[in-house]
Amino acid sequence: MKYKKRRFVPHECMHIYQRTVNGFNIFYDREDFIVFYTIFSVLARFYKVKVLALCLMLDHIHTLLSSESLKQVSDFVRHYTSLFAMEFNHSVGRNGMLFHKSFGSAPKVGDKKIRSTIVYIGNNPVEKKLVSTAEEYRWNFLAYLIDSNPFSIPIPKRFQSKRLRRAMEEVQGAYVRNEYLSYARVVRLFDAMTDNECDVLTDYIISLYYPFDTDSLMSYYENYHEMIHAMRSTAGGEYDIKETFYAGSDHIYEDMLEVLRDEMHMVPARRVIMLPDAVKFEMASCLKQRTDAKMFEISKLLHLQIRGN
């Protein structure tokens with residue numbers, strides 16, 4: 001089989017799109033996002049790629065970056081996907097790939113195309129009805145452009161609990177040593193935290209590991225508010241990459257996760273993917289009754305091959 005040669009323009013922006021194997025979900029809990037994000041951030045510095053945008057959705061990822069060579073991009077993508085898969089698999093006792101080996105990509109040359117792609121990436125959670133505006137979504141990292149604590153109530157150091165101070169000190173040490181945060185470490189760091197402490201620590205991790213070239217990103221807009229206004233005015237566009245798109249709201253997955261955690265005591269929720277199929281089918285029937293989820297949405301959450309709606 002002949003593969004189409006990947007287009008690449010040195011030092012110009014490139015939109016990277018990655019989808020999961022079978023379209024299954026892979027981001028379930030806070031730790032899934034944090035582990036991936038810190039791996040991505042550490043390796044972005046290692047490979048010296050310039051990152052303008054990143055959006056983590058439940059079953060796919062969008063990135064906008066630039067680099068010197070296509071090999072640099074390919075090595076970067078291969079490294080962070082394989083390292084995250086290793087961490088994810090180890091945390092649940094799984095084997096195998098999480099992402100398709102071949103990723104979608106398209107060079108973006110010219111301010112108009114780049115701005116359209118920035119808007120498109122930022123608006124992914126809006127299109128999937130997870131939030132009303134792009135900056136309300138934590139995992140496209142837009143809010144961190146102007147605020148280091150956009151999703152938490154800051155706690156002055158003198159009022160921080162010992163567990164929070166120690167966790168922040170440990171994260172700082174890991175960052176200085178160019179270490180990503182593993183699942184085991186993240187679970188331990190967040191253990192026994194209050195809800196706001198969890199949000200404070202999450203904001204701290206994201207702000208500390210922040211991999212984005214803010215100057216390059218903002219060079220396409222007058223300021224942050226103009227960029228956000230652009231996102232509220234249009235969804236942007238991507239015409240060079242064939243992206244799999246499922247109609248409907250991704251909020252249904254939050255509804256199902258609530259059932260898994262609260263009624264089925266599935267914590268962390270990603271453990272569900274390793275249950276026997278017979279158990280998964282029973283859970284699928286329950287989720288069908290307890291939520292408005294369609295069968296293909298249930299199958300994506302449970303990593304279960306189910307035909308029908």
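Predicted model: local features only at pLDDT ≥ 70, side-chain atom pairs only at ≥ 80, totals over all residues.

Take Cys55: its nearest cysteine sulfur belongs to Cys13 and sits 17 Å away, and Cys55 is in no disulfide. A disulfide here needs two cysteine sulfur atoms within 2.5 Å. Is Cys55 buried or exposed? With a relative accessible area of 0%, Cys55 is buried. Cys198 has a relative accessibility of 11%, and because buried means under 20%, Cys198 counts as buried too.

The structure has 1 cavity of 30 Å³ or more, and the largest cavity holds about 60 Å³ of space. What lines it? The lining is made up of Leu52, Ala53, Leu54, Asn140, Phe141, Leu142, Leu145, Tyr210, Phe212 and Leu217. Strand S2, residues 50-56, gives the most to that lining, with 3 residues. Sorted by class, the cavity lining comes out as 9 nonpolar residues, 1 polar and no charged ones.

Next, look at the largest pocket, with about 810 Å³ of space. Its lining counts 26 residues, and those lying nearest the pocket's centre are Tyr28, Asp29, Arg30, Phe33 and Arg261. Which elements give two or more residues to this lining? They are helix H1 (30-47), helix H6 (183-190), helix H7 (195-209) and helix H10 (251-262). By class, the pocket lining has 15 nonpolar, 1 polar and 10 charged residues, while the lining of the largest cavity has no charged residues.

Note on methods. Residues numbered from 1 in each chain as written. Heavy atoms only, no water. Buried < 20%, exposed > 50% of the residue type's maximum accessible area, 1.4 Å probe, protein only. 1 Å grid on protein atoms, 1.4 Å probe; cavity = no way out; pocket = protein on both sides within 12 Å on 5 of 7 lines; lining within 4 Å. Points joined across faces, edges and corners; volume = space filled by probe spheres on them. Helix = DSSP H or I, 4+ residues; strand = E, 2+ residues; numbered from the N terminus. Nonpolar A, V, L, I, M, F, W, Y, C, P; charged D, E, K, R; others polar.
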